[in-house]
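Hi everyone, thanks for coming. Let me put today's structure up on the screen.

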Amino acid sequence: MQSVTIVRESPVVKTSRVLQMCGMFDLESRPQTREQWTVDLQLPDEWNIGLIVGPSGCGKSTIARTLWPNEYSQEFEWSSEGSVIDAFPRDMTIADITGLLSSVGFSSPPSWLKPYAVLSTGEQFRVTMARTLAETKALAVVDEFTSVVDRTVAKIGSAAIAKAVRRRNQKLIAVTCHEDVAEWLCPDWIYEPTINRLARGCLQRPKINLRIQRVHSRAWQLFSKHHYLSADHHPAARCFCAFWDNTPVAFSSVLHFPHPRSRNMKREHRTVCLPDFQGVGIGNALSTTIGGMCKGMGYRYVSITSHPGMIAYRSRSSSWRCISAPNWRSKTFPHSSSGIKSVSSQTAGISTRMRATFEYVGPPMDTDAARRLWDD
């Protein structure tokens, strides 16, 4: 795409109020208003994410609508009663839908069952982006990107969405007045209409530094309603929280796993990340750290999960070994080859669901550090 000149003219209807206002501010009364933009866009041959950013009134939306009229994202219709998952294209499987929702950071299955109208603003933003990617085969242009959410959701959501777009090898152009999302999106190019400048992306996502510490079981109350299976929590479980800038963002708990073939085994009991912080791997990072802690104390650490995001992450990670492949399981589960028997889904009130069992095989935490974290 080379240089393009965009002109917008609008007639001015000379009502009494218009004439009074022109007189008050000494404005010339013209028959029409006229604005013009010269846009120089030489996009790279290969890219996934572009960003058009600038203050209100600089022409961002006009430029985007003019250059990509067919790709410009419109508002979706949502059922007032139906679950949001039913709004996705008919040809998508439930695994495709839940995987896409998880990839953009909307990883709370209880909320997948809700109508769009009752979701939080942050959840609405994420599910809208998931549907945009689902219904767009090539390029999606999203105006007012992150404008309706708080800035924490905007940043975390941008990072999650960027990962999803690149993993799916799609194209997204975000149009926004918020410059703070740039380093979280890490776009391949950035265009600023105010100065007609196109820059190649060279940003890196800021590091998320977490502090993990043992907490009282009462901390579960903050996270319980967001867990994908159950709000129940075993009183004997040992609990840990991940803190980001002193804000609790994720929770994980551990139970001893009695087994006739192995006495030195611990099991992940509950792991959940708060919705505003989902999509950037915080829950998986916490779970992996707990696995390293247990291994550092000489324990095996296993996790049985049916969460699609966790299954996908652990299947790719060298720190986890799958010992029972993802499969649809009924109420009775056979022993796996490792000798670990899956817990009956009847205990969670579910007749069948996809489950997978993983064992942590990554590096152990330093023994002293592991025991301090365990006993703190």
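I'll start with the whole chain and then visit a few residues.

Quick housekeeping: this is a predicted model, so local features need pLDDT of at least 70 and side-chain atom pairs count only at pLDDT 80 or more, while totals for chains, interfaces and linings use all residues. Residues are numbered from 1 along each chain as its sequence is written, and side-chain values use heavy atoms, with hydrogens and water left out.

Okay, the overall picture. The protein chain has eleven helices and 14 strands; these are DSSP runs numbered from the N terminus, H or I of at least four residues for helices and E of at least two for strands. Its C-alpha trace spans about 90 × 45 × 40 Å along the principal axes. There are 376 residues, and 49% of them count as buried. By buried I mean under 20% relative accessible area, with exposed over 50% and partly exposed in between (1.4 Å probe, protein chains only). Now contacts, meaning heavy atoms within 4.5 Å: among those between residues at least 6 apart in sequence, 71% join residues at least 24 apart.

Let's zoom in on isoleucine 52. You'll find isoleucine 52 in strand 3, residues 49–53. Is isoleucine 52 buried or exposed? Isoleucine 52 is buried, because its relative accessible area is 0%. Leaving out residues up to four places away in sequence, isoleucine 52 touches a list that includes Lys60, Trp68, Thr176 and Tyr191. Take threonine 176: isoleucine 52 and threonine 176 are 124 residues apart in sequence, yet 6.4 Å apart in space, C-alpha to C-alpha.

Most residues other than glycine have a negative phi. Asparagine 169 isn't a glycine, but has a positive phi of about 55 degrees. Asparagine 169 sits in the loop between helix 6 and strand 5 (171–176), and counts as exposed at 62% relative accessibility. Which loop holds aspartate 245? Aspartate 245 is in the one between strand 9 (238–244) and strand 10 (247–256). Aspartate 245 also has a positive phi of about 55 degrees without being a glycine, and is exposed, with a relative accessible area of 64%.

Last stop, arginine 167. Arginine 167 belongs to helix 6, residues 151–167, and is partly exposed, with a relative accessible area of 48%.

That's my tour, so over to you for questions.
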